[in-house]
Amino acid sequence: MNCEPNIYSTVVYDIGSAMIRVGHAGEGFPVISQPSFVANKTVDENIEFYYNDQFLYTTSNKYEVAPLIDESYTISDAGLFSSFLSWSYDQLSVDPRERFCLFTQPAHLVSTDHSRQWQKTLCEIGFEAMGNPGICISPDATLSTYAHCLQTALVVDFGWSSFRILPVIDGKVQYANAKIHPIGGFGLSQLLCEQLNVRSISLLPKNADISDGQNLLHQRKLSTDIIHNCCTFAKNTIEEDFLYFLPEQRPIDVKSEMQLISALHFNPIDSDDTTENVLPVPEMIKMAIDESPDDQKRDLWKNIVSSGGFSSLNSFIAKLKNETKKIADPVFQVQVQYPMHKMVAGDFLVWTGGSILASSHVFDRFCITKEEWEENGEAIMRVKCT
């Protein structure tokens, strides 16, 4: 499905700590969607890399597994990431020397030293290793608003590493007012595995001679699938809603685990003496908007945008709206915006926003060109990566 013309022949990369999605600008859906990991094996004293699910999730062959992006959003091995880019260009049947690239970056880390290193690494790989003629690096929260055809919105991102609340005004992320809830999909996955282990239920493949890294990926995949299928924020449920059929095993009842998980973001969490208590997400939303400029508050309240794979959990958006309305000033209309289409909900929202931006007529204004990089070096990032 082609939504807009790909004027600048751009490839869009949504880079996350759990998944990476790649496709052509102007399309409605990415071509590649895979975990942010690479499988590798030593063959004749040479290390061979393998990038798709058939290698990462196999139970019949042992591969070592290395992250392309670690949990702190760092590209730890530029060479490994470069090899992934080369593989992705082959999958898309394009020459990187003829393609602009849009890369995402985590919005809450923009304008930090970490973010500058992220941008520098991507520019060095793109310009010097791949030969891209132009690169745009855009905050993921900004792209989430573009996917809803908005420029001002409050992005509620229920992703893998954390739960982020990010005001975006006129396409600019208001970093000072961002709020972070520490429990994202990764925390939920860990909690579920711990709870099931107490019941002597393992999510690891049985009788599989695979590496520890492959075991970890299998456990993550299965725990995430359980959460997506059985976790609900609806009031009216039946017992069958909480049954999950493990591979080649009898069904398990995960009702107690799902009730615990569904309550985490709507109740305060008491922390130990070394960390602050964690507020419920609706209160974080109110704080983020209260700290924003007065003339923007009305638009932020009526344009709450959900993003991230776990935002598509059953009835999550409805629960978020109802709980937030209870504490909002009654003069404001509270509205959580649903995605334009279920195909771009949650997981694919950021990539879709990148596809829209990269196919616009003004996209070149946001890009660093190869000539600008060669002339100015990383100084150009302060002008075009803000």
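# A walk from Arg21 to the cores

Arg21 has its place in strand β2. Helices (H or I, at least four residues) and strands (E, at least two) are DSSP runs here, numbered from the N terminus. The model is a predicted one: local features need pLDDT of at least 70, side-chain atom pairs count only at pLDDT 80 or more, and totals for chains, interfaces and linings use all residues. Residues are numbered from 1 along each chain as its sequence is written, and side-chain values use heavy atoms, with hydrogens and water left out.

Is Arg21 buried or exposed? Arg21 counts as buried because its relative accessibility is 6%. Buried means under 20% relative accessible area, exposed over 50%, and partly exposed in between (1.4 Å probe, protein chains only). Which residues does Arg21 contact, leaving aside neighbours within four places in sequence? They are Val12, Tyr13, Asp14, Pro30, Ile32, Ser33, Asp347, Phe348 and Trp351. Contact means heavy atoms within 4.5 Å. Val31 is ten residues from Arg21 along the chain, and their C-alpha atoms are separated by 7.5 Å.

Strand β1 (residues 10–15) pairs with strand β2 (residues 19–24) in the antiparallel sense, over five bridges. Two strands pair if DSSP finds at least two bridges between them. A hairpin of three residues joins β1 to β2. Opposite Arg21 in β2 stands Asp14. On to β3: β2 and strand β3 (residues 32–35) run antiparallel and are joined by four bridges. Here Val22 stands opposite Ile32. In a regular strand the side chains alternate between the two faces of the sheet.

These strands belong to an open sheet of six, in the order β3-β2-β1-β7-β8-β17, with mixed pairing. The edge strands are β3 and β17 (368–369), and each pairs on one side only. Strand β7 (residues 100–105) and strand β8 (residues 134–139) run parallel, joined by five bridges. Gln105 has Pro139 in β8 as its bridge partner.

Next comes helix α4 (residues 140–146), which holds Thr142. Thr142 is buried, because its relative accessible area is 3%. Apart from neighbours within four places in sequence, Thr142 contacts Val168, Gly171 and Val173.

Helix α11 (residues 349–358) is mostly covered, with nine of its ten residues buried. Among the buried ones are Leu349, Trp351, Gly353 and Leu357. What covers them? The cover includes β1, β2, β7, β8, α4 and β15 (304–307).

Step back to the domains. The assignment gives domain 1 (10–147 + 346–385), domain 2 (153–183 + 267–338) and domain 3 (185–264). Domain bounds come from an automatic or database domain assignment. The C-alpha centres of domain 1 and domain 3 lie 30 Å apart. Their contact takes twelve residues from domain 1 and twelve residues from domain 3.

How many residues make up the largest nonpolar core? It has 47, and those with the most contacts inside it are Leu154, Ile226, Ile227, Met258, Ile285 and Phe316. A nonpolar core is a set of buried Ala, Val, Leu, Ile, Met, Phe, Trp, Tyr and Cys residues joined through side-chain atoms within 4.5 Å. The elements that give two or more residues to this core include β9 (153–158), β10 (163–169), α6 (212–230) and α10 (316–327). The core draws at least three residues from each of domain 2 and domain 3. Leu154 touches Ile165, Leu166, Pro167, Ile285, Ala288, Ile289, Leu300, Asn303, Ile304 and Val305, not counting residues up to four places away in sequence. A second, separate core has 37 residues, including Tyr13, Val38, Ala66 and Leu109.

Last, the whole protein. It has 13 helices and 17 strands. Of its 386 residues, 52% count as buried. Among contacts between residues at least 6 apart in sequence, 67% join residues at least 24 apart. The C-alpha trace spans about 65 × 60 × 45 Å along its principal axes. The radius of gyration is 21 Å, which agrees with the value near 21 Å for a compact globule of 386 residues. That radius is taken over C-alpha atoms, and the globule rule is 2.2 Å times the number of residues to the power 0.38.
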